[in-house]
Structure formats: C-alpha cells, structure tokens
Amino acid sequence: MVSPARLLVSPIPLAMTAAPAFALHPDRFFDAEPSVRRAARTLYEEMRGLPLVCPHGHVDPSLLSEDRAFPEPAALLITPDHYLFRMLFSQGVSMESLGVPTRDPKAAIERDPRKVWRIFAANYHLFRGTPSRAWLDYELHELFGVRERLGADSADRIYDQIDERLKSAEFKPRALFGRFNIEVLATTDAATDDLPHHRTIRESGWNGRVVPTFRPDALFRLAAPTWRGELAALERVHGASIGGFTEFRDALVARRAMFRSLGATATDHAVEEPYTERLSPDAVDALFAKALRGDAEAADQKRFEAHMLMEMAQMSVDDGLVMQLHPGSLRDHNSQLFARFGPDKGADIPLRTEYTRNLRAMLDAFGSDPRFRIVLFTLDETTYSRELAPLAGHYPAVRLGPAWWFHDSVEGMTRYRQLTTETAGIYNTAGFNDDTRAFCSIPARHDLARRVDANWLGGLVARHVIEMDEARAMGRALAYELARETYKFDVASAPASAGPRHSVLAGATA
Amino acid sequence: MVSPARLLVSPIPLAMTAAPAFALHPDRFFDAEPSVRRAARTLYEEMRGLPLVCPHGHVDPSLLSEDRAFPEPAALLITPDHYLFRMLFSQGVSMESLGVPTRDPKAAIERDPRKVWRIFAANYHLFRGTPSRAWLDYELHELFGVRERLGADSADRIYDQIDERLKSAEFKPRALFGRFNIEVLATTDAATDDLPHHRTIRESGWNGRVVPTFRPDALFRLAAPTWRGELAALERVHGASIGGFTEFRDALVARRAMFRSLGATATDHAVEEPYTERLSPDAVDALFAKALRGDAEAADQKRFEAHMLMEMAQMSVDDGLVMQLHPGSLRDHNSQLFARFGPDKGADIPLRTEYTRNLRAMLDAFGSDPRFRIVLFTLDETTYSRELAPLAGHYPAVRLGPAWWFHDSVEGMTRYRQLTTETAGIYNTAGFNDDTRAFCSIPARHDLARRVDANWLGGLVARHVIEMDEARAMGRALAYELARETYKFDVASAPASAGPRHSVLAGATA
Amino acid sequence: MVSPARLLVSPIPLAMTAAPAFALHPDRFFDAEPSVRRAARTLYEEMRGLPLVCPHGHVDPSLLSEDRAFPEPAALLITPDHYLFRMLFSQGVSMESLGVPTRDPKAAIERDPRKVWRIFAANYHLFRGTPSRAWLDYELHELFGVRERLGADSADRIYDQIDERLKSAEFKPRALFGRFNIEVLATTDAATDDLPHHRTIRESGWNGRVVPTFRPDALFRLAAPTWRGELAALERVHGASIGGFTEFRDALVARRAMFRSLGATATDHAVEEPYTERLSPDAVDALFAKALRGDAEAADQKRFEAHMLMEMAQMSVDDGLVMQLHPGSLRDHNSQLFARFGPDKGADIPLRTEYTRNLRAMLDAFGSDPRFRIVLFTLDETTYSRELAPLAGHYPAVRLGPAWWFHDSVEGMTRYRQLTTETAGIYNTAGFNDDTRAFCSIPARHDLARRVDANWLGGLVARHVIEMDEARAMGRALAYELARETYKFDVASAPASAGPRHSVLAGATA
C-alpha cells in the first residue's frame, strides 16, 4: 500500500454528507496491467518526496513578498483560472456569471463568490477526463481535506471548508511554499519590470528561493500600438533615453544583469512563429528608426523579432541566462471576448509551428556553443518526433521543454515521452515545469507529472526495454535533476557567463 | 457472458462447410487487460441497447420512400462501397471486374454478380485489421446469420445465404429501420433537391423519422463548369429567376425553410480549405455578376466560398439549422479513374488542414452567439489536439464531430478521444454518426463506435481517472445523448430560430 | 521458454566482472499483458527464423567484395555511426574526442580507439529507451557474446572481447552474411558508380546475393556546384559526351540497364519536397541548356527534379525497376559541423512533407499502371494516416515503405502500424528494410522489427480483431514475403519490363 501523501491533512468531519465519498486512489493514472502498475508505484514512491523545482511559471511574486492570506475559494480557484472558466464558457455559461472581471468596471458581473462556486460545482462533470479535474481533485483532497465529491449538492459545504482553511496561518503563501517543498520558484516578468517584489523577498530574510525570469517580448513588437509605451517604460527603469538600436540593446543587456542580480537564470520568449534571422546592423538601425517614427508594420516586426531572437541568443552566450522559446499560440482568437475581458481568458488557440527551417539561423550560429542553452516548447505535437527530438538529439545547446499547456496532461505527457525519447533520449529534455499562475496547484501538477513519468518508466521496465535500476535513475532525473541542471539551479549563485570554455566544435567556434 | 446481440438471427444450417467456423467474440475490440475489459464490457452492455441516432449520412432516401427489396449481395454490399473496391483496386483488381459501373454504358464490365462476389471473397484477407472487415463481419454474422468465414471456399454458399435473406419481407428497408432501432436518420441532399422522397415518406403514414440535410456546396463553386446548371436548378426549385446575389441569397433562405419544413435540423458544407472571410456587399455582388458572365476563376471561387460560409453561419443564427463543416478532402485525385467511373470511387485523398486562422472570421463573428452551432470535422488528425479541441473548449458554438471517414475505426476513434478529451472534455463533442451510404452497415458502425468508447471509458475507470458511475453517464452521452442534443433532435419539432436569447457574451453581441 | 537466439555464441568467461550481469530478456519489447505477450511470443517464434531480405540499405559493397576483416571495435561500431555520435555530441562530447574524421586531415582528433570506446561506454546511459541501445545490446550479446552491461567499468574488458572476436575468420563479412541468413542485400549506389565491387562479387563465385540500387539524385541537382562534376562522371561511365537533355536521358536509361544487369531491382530518390510535374520537352531542353551554361538557379532545379521524378517513373514502367522515394530531410542543418566533418554527421533534420498534391502528377500518370511500382517513405508521421495510407489504399502502384530512420524504433514502428493499417491494410506495405550502413547491426534491426510486428499482431489477436491463423500469415508477410514481393526478389532473375500487360484501368491506359 502507498502511504498517505505528504500534503495530507486530517479531514474536517462533515455532518449530513449527501455527495458520494471522495478519495484519491493511490494508483491513479497508472496502467491497469499489474506488472506495469507495480513498477510504476515503486518508481513513484521514490520520486514523490523529491523537492519541487519550478523553473517556469506565472505566480505573482507579490504573493510571496507580501505573504498575505489567500482570498475566498472562488477568487482563489476559479475566477483567475482560464483552464476552468473557458470550459464553462464553452458550454454556455457566461463569464459574467463566473465573476470574471470585465475591462469596464461598471459592467454587471456576479459579485457573490458563493454563487460563482455553485455554478462551477454544478458543472464539475464537464472536466471528466481532463487534467483540471485531476489537479483540482488533488488540491481539494490533499490541501483542503475534502472527502466528498464536488457537485451541486456538496458545493456549499466544500466552499465553507476551503474558506475556513484559507483563513488559517498555515495556509499563508510562505507557509505553503515550505509545505510544498519548493526548492526554487521562477516567476515570469516583463523586461521593464523593476522587480520590487523580488527585491522585497530578498531583503525580507525569508529563505524561500524565488527568482525572476526576463521576458522582453513586448519590447520587440514594433508594430503594436503599445510599443512606444513599452519603450518609455524601458527608458524609465533603465534610467536613460533610448534613441537608437544600440542604446536599446545596451538597455536590454543592463536589464538582464539586473534580473541576474536578483537570481534570474533564464529568459522567456513568446512568438507566433519561431523565425530567426540575423539582420545587418544597418538594417536593424533602420527598422528601429522606422518604429520610433511610428511607421513599423507587421512585416517589419516579424524581421525585428527574428533578429532579436539572435541577439537574445548572443546575450545568453555572454551572460549565461538560459533561453526559453514558447512559440505557436495565436493569442486572443475571440476579439469580442478580448474587448470585454482582456487577455488570458482561454481563447488562445495553437498554430501549426515549424522549427527546422525557422531555427536554423540561430542554431547554426549558437547551437554548438557550450555557453548557450535554449529550451524549446511547442503546442504542435507533430513537431515532437519530426523536428524537436532530432534537433535536441544533435545540438548541444537544445533541451526540450516538457509537454506544454494543453498537453500538460496524462495523455499529453505520455505522448511526449513516446515521441521524443527514442530520438533524443531523456537527457536532452528539461524536466518538468508547472507553468502555472495558480500557486496552490503546484504540488498537484508535479504529482501528476511524476505519476505519468513513473508509469511510462514502469512500462519500459515491464517490456524489458530498460532495467529497474536504470528506471530509478531516470525517474530521479525526470522529477528533479533535469530541471535543476537545465536551468542552472545547481550552480551555487546566479549564473555568470560560462566564459571562453572550449567549444564542442573545437575547430569551428571561438 | 455477454448475451447474443439484438440483431442475432438463427443461422441457416449449412451442409458441407469447408471454411473455418466464424463467430463474433463478445469482447472484441476491448483491451486484453482484464480490469479494463471488465469495465468496458459493463459499460458496453448499457450502451448497446440505446436507439441509433444517425445525424449525418448518405443513405438514398428513395430506399425508404419506396421500401423496395434490396438487390442481390454484390450490388448491395460491394459495387456501391468505395471502402471495399478501392482496397481491391489498390492490389491490382480492376474496377471493371468488380462490376463498378462506368460512365460509358457500353464499356465491358462484369455483369455476373456471383463472379464479383467471388473475387471479393477470395481477397477478403486484404481487409485484416481494417474497419471494413469489422463492419462486414458484423453484417454477415448478425444480419445474415453467416457462420463460416468468408473466403474463396465459402463464397458461393454465403452468397446464396445472403441472397435468400434479402428476398424476405423482414429484410425490406423499413422493416430493417425498425429492427435497427433507428430513432432518426438524416440524409444529405443538394440544396437544389426538391426532396420528393422525403415528402413521400412524410405522407406515407410510416412513422420512421427520416430528415434531409441542406448541402449547398455546388452552388458556391462559381468557377466550376457545372455552376450555371446548378444555378438553373436552383431557379427551378425556387420558382424565380436569380439575377444577382440578393436574389441568390433569398433563394437559399427559402430553400432552407423548405428543408426545415421536412424535418431538417442541419446543413453540411464540404470545402478543400475551411477559409472564412466576410466580403463587403459590393464585393459579393461583383463576384456574383462575374460568375454570371462566366468569368469566375479559382481565386474568385475561393473568396466566394469563404464569404458564403459566413452567410451560412448568419442564416444558422436566424433559422436554427446546425452547421456542419467537412473540409480537407482532395476529391478525385486519380483523374483517369474519375474520367472513366465518376466521383466517389475511393480516390479522395486528405489534405493538411488549418482551422485556427481559417475559422477566425466566422468564430469571432458568431462563435459566442448561443443561437449558432457548428460541428467541425477533420481528416487531419494533427488538428485534434492542436486546433480543434482548443476551439471547442472555448467557443460555445463549436462541437467536434466524431472521427471521420478513414479515422472511423478502432485506432482512429481511440486517438480521437485521447487527443480531444483532455482539452475539450466529452461534452463539446457531437456523439457518433455513421456517415454511410450503406444502410445495412448502420448497426455495425454504431456497434463498433460504442465498443471503442466503452473500452476507452473502461481504461479511464481502470486507471482511476474517473469513477464507474461517471463512466456510465459518459457512455450514455457518447452513444446517444450528445448526437441527439447537438443536432437538436431532442426538440419536439423542427427547430425554429432560437430567437433573441441572451448572448453568452452579454455585453458584446445583440 | 524461448530458445536461445540463432546468433547466440558461447560467452567468453570473464574474470573479475564488476559491471551488472547483462542478458536479453526473451520477451523484450512485448506488451506486459499476458495474453498479448503469449500471442506475440508465438508469432515471433515463427518469424525469427525467416531469412533476412534487405532491399534498402547503405552497406559498402567493398566489404563483401574484398571480404576483409572488420576493424577494431570503435572503428566498427562508433566512429561511422551517426546515430551514436550525434547523441554524445548533443550532450557536449566533441566529435574530435570520438575520433570522427575531419575534412582537414591535419586536425587533431582522438587516434586511440580504446579512448573513444571508453567515452562511449561511460555515456551509454544516454541511449536508454532508444533503438540504438536495443540494437547495440543485441549485437553485444548475440554477436560478440558479451555478458556484462556496457559502462565505464566494463569498457576495457568488452573492448578486448569484441576485438578478439573480430579477428577470427568466422567474423569476416561473407561468413557473417551466411550466419545472418541474409537472402539478398541491396546497396545504394550513385548513378555514376561503375559498380566495380558488385562486378567483383558476381565474378568471385561466392553465392551471396548482393545487388546495387540506382540513385541518380546528384545528377538532378542542376543548381549545385557539384553538378558539372557529376555530369562529367556520367559521361565517363556512359562513354559518350552529353550535350543536351536527350543524351542525358539516354545515358540514364543505359545506366539503369547496367544496374539491372548486376541484379538491381530498384532505384532510390531523395528530395526535400516530393514535388512532381511533367514539363514540356522544350522546357526541359531549355532548363538543361541553362544548367550547362552554369546559370541554373534553385527554382530551375526544383522544376527539373519534379520533372525527373516523372521521367524516372516512366523508365520504371519501361524497365521494371521499383522506384523508392525518400523525401523530407533537410541535410546538414548545422553548417559549421558540415564544414568541419562533412555530410551524414547526425545533423539531418526532418521537414514537414506533403504528398497529396505533390505526387498527384506522377500518380495520375502512372499510379494505375500495373508495370509501375513506387515505395513511399516519410519522416513526417502525420502523413501516415492523412496522406500515405489513403494513397496506398487506392493506387495499385503505391506501397508504403516501413517506418524510416528516427521512426525505425519500438514506438515508431508501432505508430506506423496503428496509423496505416486501418486504411491501407498490411498488403500495401513494403515489409521491413534495415536502411543501415552498419553491416553487423542488420540482424539486430530485423529482430527488433519482427518483435514489434509480432507484438502488434498479438495485440490484434488478444482483442479479437483477427484470428491467430490470420496473424501467422500476416507475420510471415511482414517479416519476409512483402519485402521480397515488393522489390521483385521473388522473380528468378533481374526484372525485365512487365511488358504491355493489361492496365488496371483497362479503358484508360494503353
């Protein structure tokens, strides 16, 4: 038998329970075949206790700098979670009735969180077979001690139970950070963010390791109406005016140094298409000047973004920050929804994505340089076996990020392993990251990933593809070591440039 | 043990059986792992007896209006079935030898159906592992009582057995409609079809529910040589001449009303690429006038088709017909074959298909409107997880059609569930449809789909992803309720406009 | 229990073994579920002893014409194997340290093979879960009698053991050819190769069947700087000067005849995109003349290659050589690596590939002609179910080549069967080919493929999709008959033109 999970809390006794009893099966997500399940369980038992390394996510750092109590259950779990409200919206439930804030503060939205919670509970069946269900069940059971199934009947009781827990001191963010056994948590921050919360955390004496990640996308979107504002923000934090590309580039270098001084080990870049191309200095100057005049168009932006990925790679060579690339999402597909509610409302739809030709300029220039590292993500699973695994299985700089977003799920993570391992092995993958805004869901997401990997390894053992001792070593790598090593968290301090180490292509690069 | 299937008929005793005995295993298509199989069997037992809802298919309505006896076995089962004769053709068997009619009525083709049957029987091994084999085995065993394996040795005996059955009154179409337990059967009909057979059925007093589906594709192909003829046919059934786009649009509205009056709940649209774009009224008028002059070119047609999908969506908002989109088939790839035998001869080859950008205009305009519903199909399985599930998991109007055509198979349907559920859930899918011309294969196709879904659900139960009571509810939804609800067959009469209901985007649409 | 494999040799006793014991599990790669495994084992037992048919590969024919002893272990197994050294390179091990030869003969590379071997052994964990590991384990165990696991500790002992074996007469290539039970081995040879080694083999009196394959790609790359040199080589072996396209075409016809006279049954064509188009004679003449003037550009080459695929198909109709198409690899993605080490260094990265539109011209013209046969390969697995299986399931000329390159693996081959069989059946597939330069790995690769197919068939049996007697027949076809028949090795002598047989499209082609 598997012992109770680490996060287990004693359940609150419930009078008058009408809903079905609710438990997490110790072997959930493992194959039914007994020899696979047995191996999976053994491996999982060795993985579950490892610390959580969280190298990429979207937790608000103010949560941990201020360490304020979480809000009531609906505001904590539903209103900010686009995985959840998009599913209800897809079935005809209005965003307003779920209390999702509109841009117009005067618009009528549901203000009673208990009503929001009831709607969600009554529709919980929509999530059958989805990772949201798996994550939320884990949170309900392991974090909040819920022991009846969420539904219309049990909604109010469960709301009260969670609400009571949230008011206790042990549910404050820093306390949970410790209970969750988080070794390091990276946030994602605009390049123009002056990182006050990270400073506060550093200065607070609290020993939790929370680091920023440098995300400059908005500064590269020359044709966006927001660009001038972004540039002004950069001038402000940089403390100097920017009249041309050279100053722009210098400001980015300086910002990266500032991020590194607060513990950053990585950058992050989101683009529709991962196109890379090095422009001549004159061409870049001209593009930048055009943008300053307000004349940049979509094609200009595309070339500039392609060039800036090359610049970012060069800077990574110089300062050691690990580059992350998250391409292929068409943001805000539903423009009516965007107009009313703003971004990140569950209407980002993936695009077919090409890496082999698009990344050639960058990888040809930097991919064999031991000072460079890039973690590639995709929403286009067809690229796993066709492009990404072959690239990672060749270029020393490339690591494959874990199954991302829609594919961070039982079937999605299983497909990822089946489609990448035979070409790239596991040691060219970057381990797991939870990529979440929902702090309380972090242990749930790591647990699911560890179970899926344990099960995949158990299958390899049962089919005699690998031996059990190998599976153990692989399980530890997948659950802990690879994320730590890929993102350089195993280096004592903030990463400096790897310096003029010898190139893997000894004769070809400096 | 599983009890004999509902369609079971007592086998005809056979003297001198040389071929191997033939039976359908009660657990066929279920996983071998005992706990999965046990759950699958339990679930299937609850699904198998549900009525058949057939919201999309290509059965000839004259079959049910005339209720004439079926022809002999080869003409019933082989000559009209492009799934079957294409496989034999691919292995060097000529279409002529299978009795497939040529356009030239004087061409020499095999006229002896027994010889056609023998060729098919001798090549039945080609279908090992294909859904055609699964469907035909079911028909042979359950419908025709065959108890020896089809092959060269048994061909004649089985031919005679089927032929004898087909002559009996209980094998006439309306009798089978009842035995098959069909609740509703939708045909697919040209927009210019005056639906005489549907009228006859309605007036006959027979209580089978057979409804038409409005398919206007041919009227939108401005550049096709057939377009003027199609337009003339529209003028004829509409009873008025059409001199411009406004009249054309009015005629379509009127035809849709006529289809609705005969029970239609849906339209159907086949395009190579699902491109949508709203043109200005002037631009549409100009395109239509150009076509009337006979000057329309391929690019004109592409824009017109894109605009007409927008018009069809608007009309669906107005009259409540559910829109179906079947894109991505390059029809008649083999032009020699087409010249000799005509369309639908097994030479339609799928194309890579893009939905995220192509459907944006339509979904942005109508996708959040509660009066609109569109069922999306694909032949490009890469779009399941990348584009279709994210679209269905966001837009209230979108439902995912079942695994289509080549993918309506054990592995294909399993992939469909594995690739769509984690993002869209099952409640954004449209249930099953058999999409067949072959009336006698309808129960076989539903049975296979129910088995595959039962097995998939059984796997979720065995891995503790869902509980058994949830799987039961999901099984009933997949086998029956979702098709009924998606296509509005649960509404008592023909669907009227949903009227000015409140939008899901309360503040954004009227 | 499964009896020891055919290649088993008695292990050399080892003193002081420190590494873990090493064995091949008899049921490796079979599903853990007992009824699947039982069926798989039974089927495999019937497949494993069948002769090896090797219709496509890259073994150097001089190996068998000269029958010289193999070199020491590192030069045999590591230095020439880009599957192996690319994985080490991807983890930061330099090519130089692995002894991979540079173009510059003076560059410093590791000259001590034992040191190369040690690096490889110490990094053997990188291959966990990859086919390279499966193949090499088989070679070590079955061919070289190794009984301890390869690793840093055991590296030297295993090196010595292999080295000793390689010096024995029974390890010379022709002896192994016999022990491997190879029925026929096809090499791949430039169209300009005069095939001296194949001549020597023929004249030697040795009865091993080694045949060439005609690969003219380099002659079609009009815009490549190497083209004039290739043309000159063609003139040399053809014995006549080539001043225009007609002479060029004639030379190709003559070369094909020469290849056929030495046993060739096939041609092979590698292109980035499988585009086909027939140009007018004038257009072709003009293109060729432009190339002779040295003015051909990339677009010219693309059109010429498209036309030459049409010409090759026509010649295959005329002379009976089976055409093979290997598209979709972007060669030498890493230009620095290419500059230093040359081609085939593990830096070829797949591209998205389209067949439906690209092959239409060719298949429309020749696909229904019984004298034509083309074997299609892909590195883009999305085309299996979307394009390739539908094409193979219709056109008589089309056969699907086995899972290629990165996909020649347990999961890759399984996906191939799951994605192609339901549409194309197995009888439109071409059986297995090992596609290897590594002669000693041939039995390992066939063994893995046979195990995967046996397991897939076993799964069909256990799920009652097919009966056991059918699975037996299918297993024999997949392991032996289909390769033999597809490549016409079952015809006694070299294939002549099939002559004016009746077309499958009787009325449509001559």
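These legends describe close-up views of a predicted model. Residues are numbered from 1 along each chain as its sequence is written, chains are lettered from A, and ligands are numbered from 1 in the order in which they are written. Local features need pLDDT of at least 70 and side-chain atom pairs count only at pLDDT 80 or more, while totals for chains, interfaces and linings use all residues.

**View 1. The two domains of chain A.** Domain 1 spans 70–171 and domain 2 spans 174–486 of chain A. Domain bounds come from an automatic or database domain assignment. Between the C-alpha centres of the two domains of chain A lie 29 Å.

**View 2. Where domain 1 of chain A touches domain 2 of chain A.** Contact (C-beta atoms, placed from the backbone, within 7 Å) links 20 residues of domain 1 with 19 residues of domain 2 in chain A. On the domain 1 side, α4 (82–90) and α6 (131–143) of chain A are the elements that give two or more residues. Helices (H or I, at least four residues) and strands (E, at least two) are DSSP runs, numbered from the N terminus. α6(A) gives the most, with six residues. By class, this side has 13 nonpolar, two polar and five charged residues. Ala, Val, Leu, Ile, Met, Phe, Trp, Tyr, Cys and Pro count as nonpolar, Asp, Glu, Lys and Arg as charged, and the others, Gly among them, as polar.

**View 3. Chain B against chain C.** Here 46 residues of chain B are in contact with 43 residues of chain C. On the chain B side, α4 (82–90), α15 (335–341), β9 (349–350) and α18 (410–424) each supply at least two residues. α15(B) gives the most, with five residues. The chain B side comprises 18 nonpolar, 16 polar and 12 charged residues.

Notes:
Contact = placed C-beta atoms within 7 Å.
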